[in-house]
Amino acid sequence: MNRLLCETADVPDGGKLALQPEGSPELVVFNISGTFYVLADTCSHGAAALSEGDLIGCEIECPLHQGRFDVTTGAATRRPAKKPQPMYRCQVEDGRLYLIDADESADAKTA
Ligand code: FES
């Protein structure tokens, strides 16, 4: 079952929102030109919250070592970050953003 994350209006274009849904790691939602992306909030390089960094175009800059990630792919785009940032599938329905559960994501990939 998909889980409600937030109202889409809670994340304006070019904005971000930190969330921790029950049973999930800390997440951060980005809105890039009306498309929503959900990533793990804890940087893959260390103990920093990407939600506290600056969003520059479609890249989030980590506040600790200034590594960067492309929020549309999770790819590390500037060192010292090297490992991609985990991403989560989501969908918008009736003005709300939902996290697609892992089982359904796996089904969707094979459908
Ligand atoms: S903790 Fe994010 S780049 Fe080092």
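Trainee: Before we get going, what makes a residue buried, exposed or partly exposed here?

Mentor: A residue is buried if 20 or more other C-beta atoms lie within 10 Å of its own, exposed if 12 or fewer, and partly exposed in between. Keep in mind that we're looking at a predicted model.

Trainee: Got it. So is serine 44 buried, exposed or partly exposed?

Mentor: Serine 44 has 18 other C-beta atoms within 10 Å, so it is partly exposed.

Trainee: And where does serine 44 sit?

Mentor: In the loop between E4 and strand E5, which covers 54–56.

Trainee: Which residues is it in contact with, leaving aside neighbours within four places in sequence?

Mentor: For serine 44 those are Ala81, Lys83, Pro84 and Gln85. Glycine 15 gives you another distance to check: it is 29 residues from serine 44 along the chain, and their C-alpha atoms are separated by 21 Å.

Trainee: Let's switch to valine 38. Where is that one?

Mentor: Valine 38 belongs to strand E4, residues 35–40.

Trainee: Buried or exposed?

Mentor: Buried, because 23 other C-beta atoms lie within 10 Å of valine 38.

Trainee: What does valine 38 contact beyond four places in sequence?

Mentor: Its contacts there are Leu5, Leu27, Val29, Met87, Tyr88, Cys90 and Leu99. As for proline 84, it is 46 residues from valine 38 in sequence, with 13 Å between their C-alpha atoms.

Trainee: Which residues touch the most other members of the largest nonpolar core?

Mentor: That core has 20 residues, and the ones touching the most other members are Leu27, Val28, Val29, Val38, Leu39, Leu50 and Val71. At least two core residues come from each of E3, E4 and strand E11 (96–99). E3 gives the most, with four residues.

Trainee: Why would residues like that group together, in general?

Mentor: Nonpolar side chains tend to be buried together in soluble globular proteins.

Trainee: Back to E4 then. What sheet is it in?

Mentor: E4 is part of an open sheet of four strands, ordered E2-E3-E4-E9 with antiparallel pairing. Strand E2 (16–19) and strand E9 (87–88) are the edge strands, and each pairs on one side only.

Trainee: How many bridges are there between E3 and E4?

Mentor: Six, in the antiparallel sense, with E3 spanning residues 27–32. If you want a pair to find on screen, asparagine 31 is opposite phenylalanine 36 in E4.

Trainee: What about the sheet with E5 in it?

Mentor: That one is also described as open, with four antiparallel strands in the order E5-E6-E7-E8. E5 and strand E8 (76–78) are at the edges with a single partner strand each, so one side of each has no neighbour in the sheet. From one strand to the next, the twist averages 30 degrees.

Trainee: How many bridges join E5 to E6?

Mentor: Three, and the two strands run antiparallel, with E6 covering residues 59–61. Aspartate 54 is opposite glutamate 61 in E6.

Trainee: Zooming out, how many helices and strands does the chain have?

Mentor: One helix and eleven strands. Along the sequence, the pattern is β-β-β-β-β-β-β-β-β-β-β-α. The radius of gyration is 13 Å, close to the 13 Å from the globule rule for 111 residues, so the chain is as compact as a globular protein of that length.

Trainee: What box do the C-alpha atoms fill?

Mentor: Roughly 35 × 30 × 25 Å along the principal axes. Of the 111 residues, 25% are buried.

Note on methods:
Residues are numbered from 1 along each chain as its sequence is written. This is a predicted model: local features need pLDDT of at least 70, side-chain atom pairs count only at pLDDT 80 or more; totals for chains, interfaces and linings use all residues. Two residues are in contact if their C-beta atoms, placed from the backbone, lie within 7 Å. Two strands pair if DSSP finds at least two bridges between them. A nonpolar core is a set of buried Ala, Val, Leu, Ile, Met, Phe, Trp, Tyr and Cys residues joined through C-beta atoms within 7 Å. The radius of gyration is taken over C-alpha atoms; the globule rule is 2.2 Å times the number of residues to the power 0.38. Axes are lines fitted to C-alpha atoms, for helices over the stretch in contact, and angles run from 0 to 180 degrees between N-to-C directions.
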